[in-house]
Structures are given as structure tokens and as C-alpha cells.
Amino acid sequence: MRNQTSKKAFSVALALIMGISLCSPVAANAASSEKKDTTMAKYLTAKVNQQALGKMTMARAKTYKKNGFKYKVSGGKATITGYTGKSKKLAIPAKLGNKTVTKIGKYAFDDNDKLKSVTIPKTVTEIQEGAFRCCYNLTSVKLGNKVTKIGERAFERCNVKKLQVAGKVKKMESYVMAYNWELSKVSLPSTVTTLAYRAFYCCTNLSKINLDKVKEADGTSLRQTKWFEKQKTGAYVGTTFLGISGNPESLTIKPGTTKIADFACDYSDYGLLEGTSKLQKVVIPEGVTYIGEAAFYNVPVKEITIPASVTKLAPLSIGFVKFDNQLEYDVNYFYNLELEKQKTAQSKRRADESDYDEEESDEYYEDEEDYEEEDYEEEDYDAEEVAWEAAWKAYEEYEESEKVRLGAKTYDFRAEENPAIRTTVCYGVCVPVKDFVIKGQAGSAAETYAKQYGFTFVAE
């Protein structure tokens, strides 16, 4: 009886969490008049409930330990959640406690500096976010042929030398192999069609990777690799333009291109000193339909012609630079000014005290402790600390006034259809390029973009 009551209470609680009404006459009346909508709602509700229940069950599941592995069991399958062993060459078991290991959980081996090689069994279908992140001595990974998903940052900041992705993985997620400086070769299966944001970013030794089946790639996915640096006339994956190595003064995107990737020529992310882009001219061919998010961010182009084939220009695609780069003064400038003020004031104060001492030379401290206390207070004064406090206050006031003068705006992309907190962090406050001109066909996406951000539009 107690179990039935407990189950019922759990069901009610779950329904309340998910926002589901258990007894609503209004919902019942609506259901009778809109059967199709209700059928879909039931389907979606069941789906959401199933996913939520799975997550809740996993979170509440008991943690087991065996041979240094920590794992949880859900649906009769084991997920490895941690490892306390000391193995350098680790073969992950196919079973733990008679339960088949199908997942390696989030950050399960994170920051393990003992691991040098890992073999993942064919029972594993998913390697979750950050599973082997920051395993700095990990140089060899053998993946099972049943893997269908490798999560974000799964092998970020390791030292894997070669990677052969088996199984049916469809997407190389964000930062999945980023900062593997020793990585020289990657073999992708034909199922991989997408390279996400910074998937192989800063794998500086990577020179060989098969991209024949890849259809979509972020502009940062292969940046700061040997492969990217070799693409002197432009890096392309299929018909997508990813960017160009070096720092050219002009760029002509090749005919046949249909998409300019997100962050393709984002010069705040090219390993250059920010604001040093030399790019002054960009030629976009007819046939391009999409210009990605921040595709030409921080590029000082003053004018561009957008072909009529372009149906969408994503946020910050062109015409914006970093606000910080537009500031004439930084906090150090104000610090030096304030420090000089503090030193001048301190010198004057000491001079005044010296004059006072000469006038009152016949007087003395009645209590020796009073002298020691005053002497301590003088030593405790820190001109540099006071200068820094004043400098930051002055800099913030200057920064705010410049935002108003330059028409700077803060862009929060979490509300956009391409949600990515990275843009809030990386870009923050942006400034439109002064006197920026967009040329294109009247009524086109180019004109819409120009009006949206207040740029001059010239119909051709």
C-alpha cells in the first residue's frame, strides 16, 4: 500500500514539475474540439515525460564501484561516471556488475593525468560531454565501432596523436578535439556530415583529415591547424567557405560557393592581434545563399555588394567591430594618470608634515604608542592600490561615455535562432562600422539587414 502511495505521489510530483494538469475541465473541452492538436500534445507530453523521467532516474540512481570504476545503472545499462584507478593503459570493460556498459558519462575521466591510452569497447554507443577532457598525457584512443555520439569537449586538451572515428557518428561536436596539439591525422567515417564550433580548433599539428562527406562546418572548426594554414586561397568544405589563412587585403570567394560559414573571417579569432585585419575588399559570388553569424566580424570593410541570391545574413555577419578595439585609452592610461596624482599628493602631504615638525620641534609625543600608530598608518598607505581603484572607476566612466558616442550595443544571442552563449562571451559589446555601405538588389535580404542595423543601403 505504501509503495502504491509512493508511486502515485511521484507521478503527481512529476506531472506538476512538467506543468501537466491532471484534472482540467477546460483542457477536456478544448480536447474535444481540437482532436489533432490534442493528439500531438499528448505525443509531445509523453516524449517530454519520458526524457525527464530518464534524467531524473539517472540522477537518483545509486552509484556503484568496481575495479576503480564508478557507474550508475539505468534501464539495465551501465554508464561510467568516474574512475579512481591508477591504470595508464586503460581498457574500459564491456560489462560492470553484469550490466553492459553503453555510455561514458559527463566528465567521467576529466583531468586524469595518469591515462596514456584508452580502449573503448564496442558496447559503448555514447561518449558524453567532457568525458576525457584535460587528460593531458592521453596520446592514444581506440574507439569502438558502435559509437553514435561523441559529446562536446569529450577529448579537449588531450595529446592524442591520431584519431580514427568509427561507428555512426554524425557530428563532431563543439571543442570535441580542440587543443590536441600533437594530433596530426584524423579519419572520419562517411556518416560524419557536420563539424561544429571549434571542433578541431588549435590542433596546430593537424595536417590530414578526410572531409569528402562533410556538408556543414563552422568557420572555426579547423582554424589554427596545419590543414587550414595550407588553404592559401580559401578553406572550403564542400560548397561552404570556412575562411582564409594569413591576413590578406582582399578576398574573392570562389564561384560555386553556396554558404559562408559562421565566423568564417572573424578576425577577433584568427590568432592575430585584435583589430589588425588588413581586409579591405570582399567579393561574394552569385549563388551564395547564406552569410553566417559574425562571418566578417572585426573586419574593417567599408563597403560590400551582396548578391541577390543571398536569402539570409545572420547576426553580426558584416559591418561590426569589437567595441574594445575602438577605445583610444585603456585602463593603464588612467592608472598612470591616477598614480601620478597619488604620488604628487603623497609628496605634498609629507612636505606639509615636515614643515609641521619643524614648527613644533619642541613638542614630543606623550605616549610612544601614539607615535608607532601614526607611523604604521603612513606605511599602510598604498599609492598603487589607490591609483588602481581610481583608474578602474575612471575607465568605466570613459567606457560608458564612448558606448553612447559610438552607438555601441550589447548583443545577446541566446534569444536568436542560432543560440550560442559563446557570442555573448566573445563579442559582448559591438560597434557598427562608421559609414558602412551595403549594395544590393532592392527588396533583398541585404536591404533588410541594412535597415535592421541602420546601415546605408544602395540599390543596384
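Buried means under 20% relative accessible area, exposed over 50% and partly exposed in between, with a 1.4 Å probe and protein chains only.

**View 1. The whole chain, a predicted model.** Of 460 residues in the protein chain, 41% count as buried. The chain holds nine helices and 29 strands; these are DSSP runs (helices H or I, at least four residues; strands E, at least two), numbered from the N terminus. Local features need pLDDT of at least 70, side-chain atom pairs count only at pLDDT 80 or more, and totals for chains, interfaces and linings use all residues. Residues are numbered from 1 along each chain as its sequence is written, and side-chain values use heavy atoms, without hydrogens and water.

**View 2. Strand E28 and its partners.** Strands pair if DSSP finds at least two bridges between them. E28 (residues 437–440) runs parallel to E23 (residues 303–305), joined by three bridges. Thr-305 has Lys-439 of E28 as its bridge partner. Four bridges pair E28 with E29 (residues 456–459), also in the parallel sense. Here Gly-440 is bridged to Ala-459.

**View 3. The largest nonpolar core.** Such a core is a set of buried Ala, Val, Leu, Ile, Met, Phe, Trp, Tyr and Cys residues joined through side-chain atoms within 4.5 Å. This one has 60 residues; Phe-241, Ile-306 and Ile-438 are among those touching the most other members. Helix H7 (383–406) is one of the elements giving two or more residues. H7 supplies the largest share, six residues.

**View 4. Around Ile-306.** Contact means heavy atoms within 4.5 Å. Leaving out residues up to four places away in sequence, Ile-306 touches residues including Ile-284, Leu-313 and Ala-446.
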